[in-house]
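Here is a short briefing on a protein and its ligand. Look at the structure first, then read the points below.

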Amino acid sequence: MPRPLIATIHPEHIAHNLSVIRAHNPHANIWAIAKANAYGHGIERVYNGLHSADGIAVLQIDEAQRVRALGWRKPILMIEGAFELRDLEDYSRLRCWHVVHSHEQIDMLAAHKTTQPHHVFLKLNSGMNRLGFPPAQYASAYARLMALPQVEEVSHMTHFACADAPPAQDATATVAQQLTCFTETTSALGGALSLSNSAAALRHQLSEGNAQNAQSSDFTGEWLRAGIAIYGCSPDYPVHSAADWGLKPAMSLNSQIIATQQIHTGDSVGYGASFTADKAMRIGIVACGYADGYPRHAPTGTPVLVNGQRSHTVGRVSMDMLAINLSHLPEATSGSTVTLWGAAADGTPLSADEVAQHANTISYELLCALAQRVVTVTH
Ligand SMILES: *Cc1c(COP(=O)(O)O)cnc(C)c1O
């Protein structure tokens, strides 16, 4: 029998999650973000769930190539734009729209020989201080782009630092500040906008009011950028869970118990003997470890499901295995199914958000880290 660890991808859940985002933002266009190989799910595996998106946004040329090879005719956005001049040749060939966040990227466009008209998303640094032109340089960057024969259309883009912040935190104020900065800088210019990530799309609905009101009459709609939510995790966990938002997990990671151990008071489990039993326990060994993408930093107590019933990890995660508590689950034995995240066969959910929180990280990292060696199937 092959190793029982299997990741199951649910494209129909992605289609559902897109419809949830659409219901919150009926007037927006949606970029489905498929960078990092569709957040670890596999571009080809999720593709059938993406048909209702208005565009697909990726980071790397090979991803754009794969999206076109699958038959995608709608827009593709390169969300960091060109890294070198040659990238623009691929963009022209694959008809990719692309972000421009730096003077160097405008120089590349100016040097690019093409007859293919380019649609550019000009990025404003409205306060996150990662990518984009500062407000004072934005209008001149815009004018420079508009003057290039290579450029057909320029849209305006920025990225929120704190769209997922708990409501009571000062950080939510930065959403308003960034929005004000964005509207003040771009409203006189006209064109389409792209501001919201998943958290903003579900919590702030800029396309349904805020941004629109503040924009000039040339406002031609928002292209929101939905990543984590289309994969069924909550963008603002633990303020809201995926279930609160009505999102369904697009990835379930399931394995089996491959051995059990009966241990006594004082016995320890795993590397470093970091866990010592204070009573007799039954332990199950699960075929999943950090070489599969399970977080090694997940401490004792990280939740798992055994045949749909909750239990938790015990001791350190090894490369190929981890240990769980079976003391309260007498029926669980070798061959029993263990859900690491997603949903059990009976539908019981265990969100990657919850597992990630225990491991001091976010669901994004768990999904993206799914290892190549994990057998993946499409439901
Ligand atoms: C990855 C990415 C997103 C998606 O963010 P989520 O929180 O996953 O929705 C949006 N915008 C940009 C620029 C990104 O790089």
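Of the 14 residues around the ligand, Lys35, Tyr39, Ser198, Ile228 and Tyr364 come nearest. The model is predicted. The ligand sits in the largest pocket.

- The side chain of Lys35 has an N or O atom 2.6 Å from an oxygen atom of the ligand.
- For Tyr39, a side-chain N or O atom is likewise 2.6 Å from a ligand oxygen atom.
- His159 places a polar side-chain atom 3.5 Å from a nitrogen atom of the ligand.
- On its own, the ligand has 390 Å² of accessible area, and the protein covers 91% of that.

**The shell around the ligand**
- Two or more shell residues come from each of α2 (35-39) and β9 (219-226).
- Sorted by class, the shell holds 7 nonpolar, 4 polar and 3 charged residues.

**The largest pocket**
- Its volume is about 810 Å³.
- The lining of this pocket is made of 38 residues.
- Closest to the pocket centre are Lys35, Tyr39, His159, Asn197 and Tyr364.
- The elements α2, α9 (198-203), β9, α12 (352-358) and α13 (363-368) each give two or more residues to the lining.
- The lining counts 22 nonpolar, 8 polar and 8 charged residues.

**Residues to find again**
- Lys35 is among the residues nearest the ligand, and Lys35 is also among those closest to the pocket centre.
- Tyr364 is named among the nearest to the ligand and among the closest to the pocket centre.

Definitions and conventions. Residues numbered from 1 in each chain as written. Predicted model: local features only at pLDDT ≥ 70, side-chain atom pairs only at ≥ 80, totals over all residues. Heavy atoms only, no water. Near = heavy atom within 4 Å. Polar contact = N/O pair within 3.5 Å; in protein donor to acceptor, adjacent residues only side chain to side chain. Areas by Shrake-Rupley, 256 points an atom, 1.4 Å probe, with all protein chains shown as cover. 1 Å grid on protein atoms, 1.4 Å probe; cavity = no way out; pocket = protein on both sides within 12 Å on 5 of 7 lines; lining within 4 Å. Sits in = over half its atoms within 2 Å of the grid points. Helix = DSSP H or I, 4+ residues; strand = E, 2+ residues; numbered from the N terminus. Nonpolar A, V, L, I, M, F, W, Y, C, P; charged D, E, K, R; others polar. Points joined across faces, edges and corners; volume = space filled by probe spheres on them.
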